[in-house]
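Thank you all for making time this morning. I would like to walk you through one protein, beginning with a single residue and then widening the view, so please have a look at it with me first.

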Amino acid sequence: MAGRRFHMNVGRTTKQGQQINIGKDSAEYQAIVTTITMNADDMKEASIVPGGTVRVRSDNGEGLFRCKDGKVPQGMIFVPYGPPTCRLMGQTTDGTGMPTSKGWEVEVEPVANDDQQT
């Protein structure tokens, strides 16, 4: 892994709940689950511009996300739960039936416009 490392926390948002009746395949819903929120200072240090594309990698997989700044502690990223985060979390459920979604260590790096394919 070559990018900066962060702790990823995943959760559902109220906006997701409002959009669910539109459908999970809608552009609006997909925009929600493919956007990460980072601390503005972390973004500067990692050379990530607001609205830019980042690659997030874990030991289980990777995905591309749009990045925005927000009220997130330094060293942490927040991602709304959805199919892209499932690729990062893996399959271990510790007997709960739901993969652990908090505190995953991930790597985040900016992606050049011509390198946005996974």
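This is a predicted model: local features need pLDDT of at least 70, side-chain atom pairs count only at pLDDT 80 or more; totals for chains, interfaces and linings use all residues.

Let me begin with Glu107, which counts as buried because its relative accessibility is 1%, where buried means under 20% relative accessible area, exposed means over 50%, and partly exposed lies in between, with a 1.4 Å probe and protein chains only. Residues are numbered from 1 along each chain as its sequence is written, and side-chain values use heavy atoms, with hydrogens and water left out.

Which residue forms a salt bridge with Glu107? The partner is Arg57, and the closest N and O atoms of the two are 2.8 Å apart; by a salt bridge I mean a side-chain nitrogen of Lys or Arg within 4 Å of a carboxyl oxygen of Asp or Glu. This pair links distant parts of the chain, with Arg57 in strand β3 and Glu107 in strand β6, 50 residues apart. Arg57 itself is partly exposed, as its relative accessible area is 22%.

Arg57 also forms a salt bridge with Glu109, and here the closest N and O atoms are 2.6 Å apart. Since Glu109 lies in strand β6 and Arg57 in strand β3, this pair ties together parts that are 52 residues apart in sequence. Glu109 counts as buried, at 16% relative accessibility. Through salt bridges that share partners, Arg55, Arg57, Glu62, Glu107 and Glu109 are joined into one network.

A search of the whole structure finds seven salt bridges, and one more of them deserves a moment: the side chains of Arg4 and Glu45 meet at 3.6 Å, N to O. Arg4 lies in strand β1 and Glu45 in helix α3, residues 40–45, so this pair ties together parts that are 41 residues apart in sequence. Arg4 is partly exposed, with a relative accessible area of 30%, whereas Glu45, at 52% relative accessibility, counts as exposed.

Let me now step back to the whole chain. The protein has four helices and six strands, these being DSSP runs numbered from the N terminus, with helices of type H or I and at least four residues, and strands of type E and at least two. Along the sequence, they follow the pattern β-α-α-β-α-β-β-β-α-β. Of the 118 residues in the protein, 41% are buried.

β3 and β4 run antiparallel and are joined by five bridges, two strands being paired if DSSP finds at least two bridges between them. A hairpin of four residues connects β3 to β4, and Val54 stands opposite Phe65 in β4.

What about the nonpolar side? The largest nonpolar core has 19 residues, of which Ile36, Met38, Val56, Ile77 and Val108 touch the most other members; such a core is a set of buried Ala, Val, Leu, Ile, Met, Phe, Trp, Tyr and Cys residues joined through side-chain atoms within 4.5 Å. Several elements each supply at least two residues of this core, including β1 (4–11), β3 (53–57), α4 (83–89) and β6 (102–110), and the largest share, three residues, comes from β1. In soluble globular proteins, nonpolar side chains tend to be buried together.

Val108 has contacts, meaning heavy atoms within 4.5 Å, with residues including Phe6, Ile36, Met38, Val56 and Ile77, if residues up to four places away in sequence are not counted. Ile77 is also in contact with Thr37, whose other partners include Lys68, Asp69 and Phe78, again leaving aside neighbours within four places in sequence. Thr37 lies in strand β2 and counts as buried, at 11% relative accessibility. Finally, among contacts between residues at least 6 apart in sequence, 75% join residues at least 24 apart.
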